[in-house]
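Thanks for coming. Please look at the structure on the screen, and I will walk through a few of its strands and helices.

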Amino acid sequence: MNGSQAAEEHHEAVHVDMVDQLTSDKKTWDGTSLLSVTQISPSGLNLLCSVASEMRELVAREGGDERLKHKLMASVFYEASTRTSCSFQAAMMRLGGRVLHVDGGASGNSSAAKKGETLSDTIRCLQCYTDVTVLRHFSRGSVRQVHDESKAAAQRDHSHQPILNAGDGVGEHPTQALLDLFTIRDELSSFLSDDKSSTEPLVVVLLGDLKHGRTVHSLAKLLARSRGEKDTRGIVLRYCAPGTLEMPANVQEYVATYSGIVQENFTSLTDAMEGAHVLYVTRIQKERFAKQEDYDKVKDAYVVDAAIMKSAPANMVVMHPLPRVNEISTEVDLDPRAAYFRQMKNGMYVRMALLALVLGKA
């Protein structure tokens, strides 16, 4: 095991007894933290997607409701965020709740971290005022470390509250993976529900910075875990990245423990796209490089533009967790296969569902 030193000791996503703990039984979600996609069973995924669909209908019909009235969410971000932070806040407010936001980043002025306060103390203090905490931090394993420490302390006064992982360094980003899976199921609903093609595998291309991309780490694991025991449709995961930014071995080894999953490695995007149903694009993460010259060597390795889309399968969906730099040309935005803004809207519905579940109001 190896982030900040204490956090790195916790970089394994969850304890063994937390694996598959979130099921189709809503009681398993009530008061439970979400640290990793490995906590969610296939039936739990189905439940979350079902509740997210209900939330989409609710927003379309009424704009939201008051089920989380008088509930407070702490939104604590030590790294930059637009979509995750705002969609969590929007999700809470759509359900009648309120938000306390703490900007813990280098330019933030609302965190006592500048005074030397530990992350654990910051979260434990915020838990005195709130009902649920959404935490993003730059160290891999940091969210689990805080969870374990706050849970141990709370056992003395029965005050433990759920913590939701909004990204921990290059570790995981479970809520992004959940909205990605929801989007894949939504965009490809005809294909995935067609009995005639039930043995045709779902082909997903993960493109770009796969080494540092916590979104693809979580998504690869979640896709592997999403197959139920009776599923006949396999999944092919194609990893397409520059040689220095390949999918980490530990992620590939984890995925390999699941049946019905094929993993393939590519450097050619054209070859990887052949027969694909999903192209999941990620940016090259400049902030993860120690040297500018190392970033410059790979920053333009892949660019999805109109010419690339002409050679892509007619029904292939293009996704991206955003923000983008230049890896998807804006000319692609008008292509009906471009799903990334629909994907962002789905993020609010999925996070509404998650908040309702962990606060016992689903």
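Two strands pair if DSSP finds at least two bridges between them. Helices (H or I, at least four residues) and strands (E, at least two) are DSSP runs, numbered from the N terminus. The model is predicted: local features need pLDDT of at least 70, side-chain atom pairs count only at pLDDT 80 or more, and totals for chains, interfaces and linings use all residues. Residues are numbered from 1 along each chain as its sequence is written, and side-chain values use heavy atoms, with hydrogens and water left out.

Start with E5, residues 202-207, which pairs with E6 in the parallel sense over six bridges. Val-205 has Arg-238 of E6 as its bridge partner. Between E5 and E6 the chain passes through helix H8, residues 214-225, in a right-handed β-α-β crossover. Right-handed means that, with the strands pointing away from the viewer, the path from the first strand over the helix to the second runs clockwise.

On the other pairing, E6 and E7, residues 261-266, are also parallel, over six bridges. Here Arg-238 stands opposite Glu-264.

Now, how many residues of E6 are buried? Six of the six, residues 235-240, so E6 is largely enclosed by the rest of the structure. Buried means under 20% relative accessible area, exposed over 50%, partly exposed in between, with a 1.4 Å probe and protein chains only. In a regular strand the side chains alternate between the two faces of the sheet. Ile-235, Leu-237 and Tyr-239 point one way from E6, and Val-236, Arg-238 and Cys-240 the other way.
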